[in-house]
Amino acid sequence: MIRVGSNGRSHVLLVALGVCVALLGGAAWWLFVERPVQTLDGAELVDPMPPSAGDSAAGSTSTIATPANQLVSPELVVPRDDARAEQRSAVAAPPTSQPAKRMAPGLVIVDADSGAPLAAADVWVTPFPRKHRLGTDDLAELVELAEREGKRERADAAGGVRVPGAAPTNPTAFTTQQIATSAEWFVVAATKERWGAGRVRAGPHGAKLALHRDGPLDVVVHDAERRPLAGVPLVLAQFHETNRTFARRSHAKSDANGRAVFEHGRAWLERAHPAPLSVCVDGAFERVPRRSVTLDDLTAPVSLEVPPFGAVDVKVLDFDGRELTTGAEVRLASTELELAIIADAAAELTDGRVRYPAVQAGVDTRFEARLRIAKTFLAPFSALTRLERAGERVELVLGGPNAVPTLVARVLDDDGAVYANRALDVQVETVPNGGAPSLISPVQTDAEGIVKLHLAGWRAVAADGQFSGEPGLASGGALRLVAAPSGERKVRSVVVEVPLAPKLGLNDLGDVHLAGLPLLVAGRVVDQIGAPIANANVNVLAQNSDGTTWRDTGAAALTDGDGRFSIDAEFPGAELAVRASSSDSQRGAPVLFAPGISGVELPLERWASLDVTATIDPDLNPAELNVVWTLDDVATALIGTPRPASDGLARAAFSNHKLRAGRGKLQVLAVSTPVLAFEPFELLPGPNPDALRDLDLRNLVRIVDLVIRDHEGRDVAAGEIRFRPSGTDEAWQSWRFTRGRARLLALAPELDLSVFGAPGRTTLFERVRDDATLVLDGPLWATVELAGGNPVSAPDTLKLAFTLIDSRGVEVATPLRGTWEALVDADGRVKVAFAAAGKHSVAFRVMHAASGKGRELAEQQTFDVALVDHEQSFKLEPPRAALERALAELADAASQTGGR
């Protein structure tokens, strides 16, 4: 039966133990050898970088607030600026955040044989294309993509490479402390003797990529007569027994001498265990020519015989015979295992053609095409072709008016007038089994009321009424057409009986008349603030016999521009309800009604839509920026993406069309650090075009590049920067730098910096506004001598405690103000390497060796250390009486304790 529905239808013990152990061991081998966690081809997860002493709980500085699953680039760090964020808040409400541990660099390049880090490896990094049409094991195109478009890096002395973080493609709701970014990256790395590629995931752990010995694999392609064949597409593929498929590793094409070279053949063979590698012809063959290869095959060219082949160009026609340039997909319709390696087994029609360059001659080859309407593909139709001789080129046409059954009818209303240029919703069901309906909706009548229904995927049956082996219509059925014009209260419908299964091509149904039905229900759909919702779906439900659940009756309507709907149908006996839904709202609850009633109001909670564009610093990665909407303590992050601009300015775009509407807080964050805040802030249902207009972050969020050198002009290999916005009492932030370079994300016009490269030796204190070269002081050596020599009896009894008080008028970061001690020798001298020039203080600390106790005198002396190239001398006057008295008191206390 063909029926067309109304609008919107929607198991001994040791043996068992041994088997279990074997299964678990096999699973572990598969997980950790065959499929490393979240990576490909030897890329493994490693532990995060441990925090430095300055980041411990006892430290007095705070670390950078970084989400637990975010990999922060070592090139980019953000100083917290809570006070300034509060000043920029519309209601001066300080935002809250929870500091998190700093994360490790993203990637380490290692030797696959020894596991040792490889320094100075060339590395290409590109975001992993989530929508790549090939599977994640099909690496040839990804390698080419990374080497062509990826960002080139150079591994440092420890093999480290900085992999930046990026935004999720589908951000969901986070709390304010959990806003995060994540990404997957494809990495290619090489040295002169080694090569490797793989997929890594940015997260709370780093990863390592193993490089294998490299060298070419030569292949000679020829026919049965040993004549070389040119232009043969080849692929180096790995066969996976588990899922019986090939994974593409590399590709090549034979030259005029029939020779093809896989540049990284040795590297792929080095890591091929346990799955073997094969050289295969990348084409459509009855049995694809292929040859298994090993490391022994690197010593001489591999011979591969290829049967005769040619090329097939496929073009597609629509159901009216017009040639298509886009809007269709073409694929080789085969279930042969070997065809799984073909790069273009399925390809989107581009410029009207899809070409298969290597198709076997003398063998029937089936191709399929699927037409696309909007984002939906229709069921496929197919055709066979055959190349009679090698080298020829065949053009195959798929589709056309006779490719599928097409039902043609002229539609008339109940008065006999032509139903011209009107929309119809059509649904087809098979009988006698009432198979799953096939919806062909919407369709349109032409000026003469003619409508064509193309049943793509339906197959004609033989004349005797038996199925031809493909899905099709039974020999009989019904077709129901339901008209649903917008704004018309009266819905007309018709049932058309089709006595035989439709044949390929046109099937004329003649004239069909639409008949009217009485009003069932009418009303209006509104959002949470009472505004009408146009184009909302309204469905009629009937209560099931259990009295609690509902079923869809098939009667439905769309609302007009004023949110109004009306449904004409007859449903006697059952309890009825209507339910509304729309593309930008949550589905509503069923609302009971009495048949024939008007004025039913259906409320929907409609989503709020937010689109924001911000002008940013051209060096700033938009993915480091978030716009966060917080409502009822639930935060939703909109992740920044690049937006092209014709005026040369850099911009970031933020978009989310499924936000909860209401009064909440809207924030702009840079790597989880608040920049702007608006509270209260109201998002209305639907678009909010004026929420954040002309947002310019260039003066608030910008990049500062720093070069750190020593006093002899050499780049400082590694060190630490502590910084905060100038003129504030905010906590100092910490960031380690390497190779004399640091990249900061500044949230204030000026930054105060405390920079040191070798702790306790070289230090600088500076204030910067823009990119700067910083030259570290020291080492500043000095000899401190006590006038009159050591006033106590032993050189291990008196210590001098030095503290940096001030330098160049800038308050110093707390860890750099810590006290370090030095023992005074018997002559009253001590040699000290000061960390920085400036004013220092010295305190006198006396120790009692027997008890291990000590006491520091309250009396302190100050002196200035100058920035000079030679050793400095200072003479201090020790408080002899106070020292002798303190030592005596310690000795007396020790003796009393010993007596007890």
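**Exercise 1.** How many of the eleven residues of strand β60 (residues 838–848) are buried?

*Solution.* Keep in mind that this is a predicted model. Step one: a residue is buried when its relative accessible area is under 20%. Step two: apply that to β60, and nine of the eleven residues pass. Step three: the strand is therefore largely enclosed by the rest of the structure.

**Exercise 2.** Find the strand that β60 is bridged to, and describe how the two are linked.

*Solution.* Start with the partner: ten bridges join β60 to strand β61 (residues 853–865), and the two run antiparallel.

**Exercise 3.** Decide whether L774 is buried or exposed, and list its contacts.

*Solution.* First, locate L774 in strand β55 (residues 772–775). Its relative accessibility is 2%, so L774 counts as buried. Now look beyond residues up to four places away in sequence: L774 touches L706, V707, I708, R709, L753, V755, L764, E766 and V768.

**Exercise 4.** Which residues have the most contacts inside the largest nonpolar core?

*Solution.* This core has 42 residues, and the answer is F186, L234 and V279. Strand β11 (residues 233–240) gives the largest share, five residues. Now follow L234: leaving aside neighbours within four places in sequence, its contacts include V219, F262, V279 and L304. A second, separate core of 31 residues includes A608, A614, L631 and L745.

Technical notes:
Residues numbered from 1 in each chain as written. Predicted model: local features only at pLDDT ≥ 70, side-chain atom pairs only at ≥ 80, totals over all residues. Heavy atoms only, no water. Helix = DSSP H or I, 4+ residues; strand = E, 2+ residues; numbered from the N terminus. Buried < 20%, exposed > 50% of the residue type's maximum accessible area, 1.4 Å probe, protein only. Contact = heavy atoms within 4.5 Å. Pairing = 2+ DSSP bridges. Core = buried A, V, L, I, M, F, W, Y, C linked by side-chain atoms within 4.5 Å.
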